[in-house]
There are 2 protein chains.
Amino acid sequence: MKKSALQTARAAYRPKLPKALQGQVSVKEGAPTESVADQADIQKLFPNTYGMPVLSFEPSSETKNYPAITAGVILSGGQAPGGHNVIAGLFDGLKAVNPDSRLYGFLLGPAGLIEHNYIELTADIIDEYRNTGGFDIIGSGRTKLETVEQFDKGLEILKKLGIQALVIIGGDDSNTNACVLAEYYKKIDAGVQVIGCPKTIDGDLKNEMIETSFGFDTACKVYSEVIGNIQRDCNSAKKYWHFIKLMGRSASHIALECALQTQPNICIISEEVEEKNMSLDDVVKYIADIVAARAAEGNNFGTVLIPEGLIEFIPAMKKLIAELNDFLAHNGAEFAAVAKEEQRQYIIDHLTPENAAIYASLPEGVARQLSLDRDPHGNVQVSLIETEKLLSEMVGKKLADMKKAGEFKGKFSAQHHFFGYEGRCAAPSNFDADYCYSLGYTASVLIAEGKTGYMSSVRRTTLPAEEWIAGGVPVTMMMNMERRHGEMKPVIQKALVRLDAAPFRYFASQRDVWAKETCYVYPGPIQYFGPTEVCDPTTKTLVLEAEGK
Amino acid sequence: MKKSALQTARAAYRPKLPKALQGQVSVKEGAPTESVADQADIQKLFPNTYGMPVLSFEPSSETKNYPAITAGVILSGGQAPGGHNVIAGLFDGLKAVNPDSRLYGFLLGPAGLIEHNYIELTADIIDEYRNTGGFDIIGSGRTKLETVEQFDKGLEILKKLGIQALVIIGGDDSNTNACVLAEYYKKIDAGVQVIGCPKTIDGDLKNEMIETSFGFDTACKVYSEVIGNIQRDCNSAKKYWHFIKLMGRSASHIALECALQTQPNICIISEEVEEKNMSLDDVVKYIADIVAARAAEGNNFGTVLIPEGLIEFIPAMKKLIAELNDFLAHNGAEFAAVAKEEQRQYIIDHLTPENAAIYASLPEGVARQLSLDRDPHGNVQVSLIETEKLLSEMVGKKLADMKKAGEFKGKFSAQHHFFGYEGRCAAPSNFDADYCYSLGYTASVLIAEGKTGYMSSVRRTTLPAEEWIAGGVPVTMMMNMERRHGEMKPVIQKALVRLDAAPFRYFASQRDVWAKETCYVYPGPIQYFGPTEVCDPTTKTLVLEAEGK
């Protein structure tokens, strides 16, 4: 494997660990816990793993002798920077527990467990991947571990390899499933512990005990680097509006963090759009008004950040999509027989007036996408909609109307960008390198202490790493019951952007100035070797949340 | 102006200078020069600035006393990282010549000279912009300085401000115009010298005396960072082919350099496509065959780099576009009257059979773009074609056919990216920071020595900066006569990728392995504070060219 100069230099980085993990560890148990909601239901579903205490690690002078551990690890779902360091921390932690410990990696996600595809992760392999981005050490995958058949099939290989603990690195769904698996293995007395680790660039796996999911820091810094570069270009050429869509599934954490880092002229926050019951036209009008106000001062340029999930947070669009899904499910064959150029009118004629009006207002390409591109379940594929182009096209139309009415006297020319894959596999920032390594190391201690149904937790992350608090949080503590595919399920509560929390409040207090003036900040690329204020800061979100507490 | 931590830390960087520029300078004159071609024509057009010698600077112990200089500077055309450092080097150089020297900046490109928009660039302003990306210190613009009226209008303000030398920072066209201006001011004895500086991320302004244009290094490093990140994602998820289009106008230097840095599975080089007279179908087949070969080994993923200018280098497409331009120019009204859904067939019916067949083979969206989106001159806007989507759509079709024929047994799913604005205004790499500062400093010496019609030249750039050779090259030396808009014009010869030069030859020797195996390299983000092998390397193109000499 040919390496870049940076890869080679970065391989030598030694991630910083919390004080409690630097030597012998003693485990402090808190009081019994409750789930965040639906306590009775959750307890009933998790009789063996419900109510366990929060665990905190502390430095200890007592030397413990643990037997060797054989563990397995799985990367689940979308890539996030730092996954390799979780595995390296886990590996080093297991070896610190007992040098004869061993670690297996299941290949290409949970499917590797079910299909018995694995490799042993030796020191040579681990060393190749320290401080690198990507999940390529063992690959990842999106198979969901949900059924008893899968659990039993997995157990076969776990038993065969002598694996007594499984670490699942994933997002909210994967950690929910990890807990279901922990409960099941405990129930049948399988002798396999299951530990989760909080991963996702989306930043929506967080709560009182999990301050941030890993990868969010690095991904936001990569996106902010390129957004900053685009803003510098925008402010030099002074002739384009850049519409920039950012990955992040439902929640707008990434867009908000990037806005805090780069101070764009506009950033749409889906959660606010929903809260204020804004229509698509309201969003378009909000943007167009800012474009017009800037144009009035001679500034025919600007930047707009758009969260990937926006469309589904617009209440009226949600209703339209629901009716479209329903209509096409029942009239698919007839619709398919309609001549292409008449399909749009056909749909307009068959929707309720309110939805028909919204559908009619959409640009042709988007309207077509909504009626044609459906997933295997027959649902409209909202994620395929190029929201950045949709918005700029509608803003352009609105401005043309405003021009006729004398409300806009400028030029409007747009460029479009979508950033996602650029950030999911970047080499981890110092923060993510340290945080991930600590999460993995924490998992090894939880395993040595015989715990199951826990998630690795590292807190107080805005302090220097030395002062971080490592420990474990019962996964059931983060759960509530939610309807999924028509059924009530226990799931980890997804964290959307809270409009009453410090990050959004700060953004809201600044955005009118950012809209009118040009206050761009240029964060530049992630640095690994410079002064600590350049290399080590956490996200603005974490800092503001810590200040807001 | 709120600054990021990196901006603040980076402001303190002191660009490295060639030895000759660190103290007193003596100027060594070479032999008289000739233009690269069309000597008689060029000499006739530039009687006052033709044939001047190449100048090299050497350290000197003799102290010269120069009078104070008042100079002006213009940023022309598209942004390129390091422009601010050219201005900072120019400013510092002028102050070193005489502390009473002054510098004016004309705003928003050459238009600022003609329209008399300017600011004085004081030390305070310069300090705000050292080592930063962008052209926002004075803005840039695309107005072409071509007519005597413009020259005279500009002279008014130059005279008024007492400016005796003008530095024009631009690409090949802007430097050509700078030379025309130098010749004119000399002819009329205006008392204003004109000096050019070689700028463009495209890398197509280079020759024997200009090893590279500034900005190419940084832009390629930013693109390679995100390409590397995408490749790591690609190799982790193992389910997508990423089609990545890269800015760079005509020449494929950027795509080639990024390929050398990241080792993608496929990189198309426009100049090779033209040389081999490949059709669009040939290019599609080339890609599809590699997709199929990788699929045969279970690898349903990969990366394809595509230079922005590709379409215009495909001889058959060039012919099609020429006929389309011609046809639509003469039949625009009739065509506009054809019903939308019949326009495609209408065009097919009216083109010559060869071009009709190619047009019929294009995906609908592209065909529509070619017939509808025309520029103010009525020409097809080739740059609007989303080549990355065009190619992936045609590759998908080809693979579907191959599947039926049993020649492809895999999956093909594509993602698309276009990188351009992300790199043009990045903060300059150490190389560009040093190189630009040296180019600006060099310009100040050329001015002090009374030169005009010269371009700043800094050579031997693969050696440490201390050993670089600074000096001046007569712009006429790089010129030849070319047909532009139907007229023969003196222009700086544009440098396309040479298929017989070391960078392409190395790429060609490796690409079959890169196609089949997965040899991705992950360069990571530009580093400013680390070890020299991480922070200071030049482009692979420069290294290979130097080795190939």
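In which helix of chain B is the place of B:Ala448? This predicted model puts B:Ala448 in helix 19, which covers residues 430–448 of chain B.

**Helix 19 of chain B**

B:Ala448 has a relative accessible area of 19%, and the cut-off for buried is under 20%, so B:Ala448 counts as buried. Leaving aside residues up to four places away in sequence, B:Ala448 touches B:Tyr66, B:Ile69 and B:Val97.

**Salt bridges**

Over all chains, the rule counts 66 salt bridges. Here are four of them, with the N to O distance for each pair.

| Pair | N to O distance |
|---|---|
| A:Glu388 and A:Lys245 | 3.6 Å |
| B:Glu449 and B:Lys64 | 2.9 Å |
| B:Asp173 and B:Arg484 | 3.3 Å |
| A:Lys389 and B:Glu386 | 3.2 Å |

In the salt bridge of A:Glu388 with A:Lys245, A:Glu388 sits in helix 17 (residues 387–404) and A:Lys245 in strand 8 (residues 241–246) of chain A, so the pair ties together parts 143 residues apart in sequence. Both A:Glu388 and A:Lys245 are buried.

The salt bridge between B:Glu449 and B:Lys64 links loops of chain B that lie 385 residues apart: B:Glu449 is in the loop between helix 19 and strand 12, and B:Lys64 is in the loop between strand 2 and strand 3. B:Glu449 is partly exposed at 24% relative accessibility, and B:Lys64 is partly exposed at 25%.

B:Asp173 and B:Arg484 also form a salt bridge. This pair joins helix 7 (residues 172–187) to strand 14 (residues 479–484) of chain B, across 311 residues. B:Asp173, with a relative accessible area of 25%, is partly exposed, and B:Arg484 counts as partly exposed at 24%. In chain A, salt bridges with shared partners bring A:Asp172, A:Asp202, A:Asp204, A:Arg249 and A:Lys494 into one network.

**Where the chains meet**

Chain A superposes on chain B by a rotation of 180 degrees with 0.0 Å of shift along the axis, at an RMSD of 0.0 Å. The two copies are therefore related as by a two-fold rotation axis. The same surface serves both copies, as 100% of the contact residues of chain A recur in chain B.

Each side of the contact can be counted: 62 residues come from chain A and 62 residues from chain B. Between them the chains bury about 4700 Å², with 52% of it on carbon and sulfur atoms. The rule finds eight salt bridges across this interface, and 31 residue pairs in polar contact. Helix 8 of chain A gives the most to the side that touches chain B, with ten residues. By class, that side of chain A has 26 nonpolar, 19 polar and 17 charged residues.

How values were computed
Residues are numbered from 1 along each chain as its sequence is written. Chains are lettered from A and ligands numbered from 1 in the order in which they are written. This is a predicted model: local features need pLDDT of at least 70, side-chain atom pairs count only at pLDDT 80 or more; totals for chains, interfaces and linings use all residues. Side-chain values use heavy atoms; hydrogens and water are left out. Helices (H or I, at least four residues) and strands (E, at least two) are DSSP runs, numbered from the N terminus. Buried means under 20% relative accessible area, exposed over 50%, partly exposed in between (1.4 Å probe, protein chains only). Contact means heavy atoms within 4.5 Å. Copies are superposed by least squares on the C-alpha atoms of residues with pLDDT of at least 70 in both. Buried area is the accessible area (1.4 Å probe) that two parts lose on being put together, summed over both. A salt bridge is a side-chain nitrogen of Lys or Arg within 4 Å of a carboxyl oxygen of Asp or Glu. A polar contact is a pair of N or O atoms within 3.5 Å; within protein, one must be able to donate a hydrogen and the other to accept it, and residues adjacent in sequence count only if both atoms are side-chain atoms. Ala, Val, Leu, Ile, Met, Phe, Trp, Tyr, Cys and Pro count as nonpolar, Asp, Glu, Lys and Arg as charged, and the others, Gly among them, as polar.
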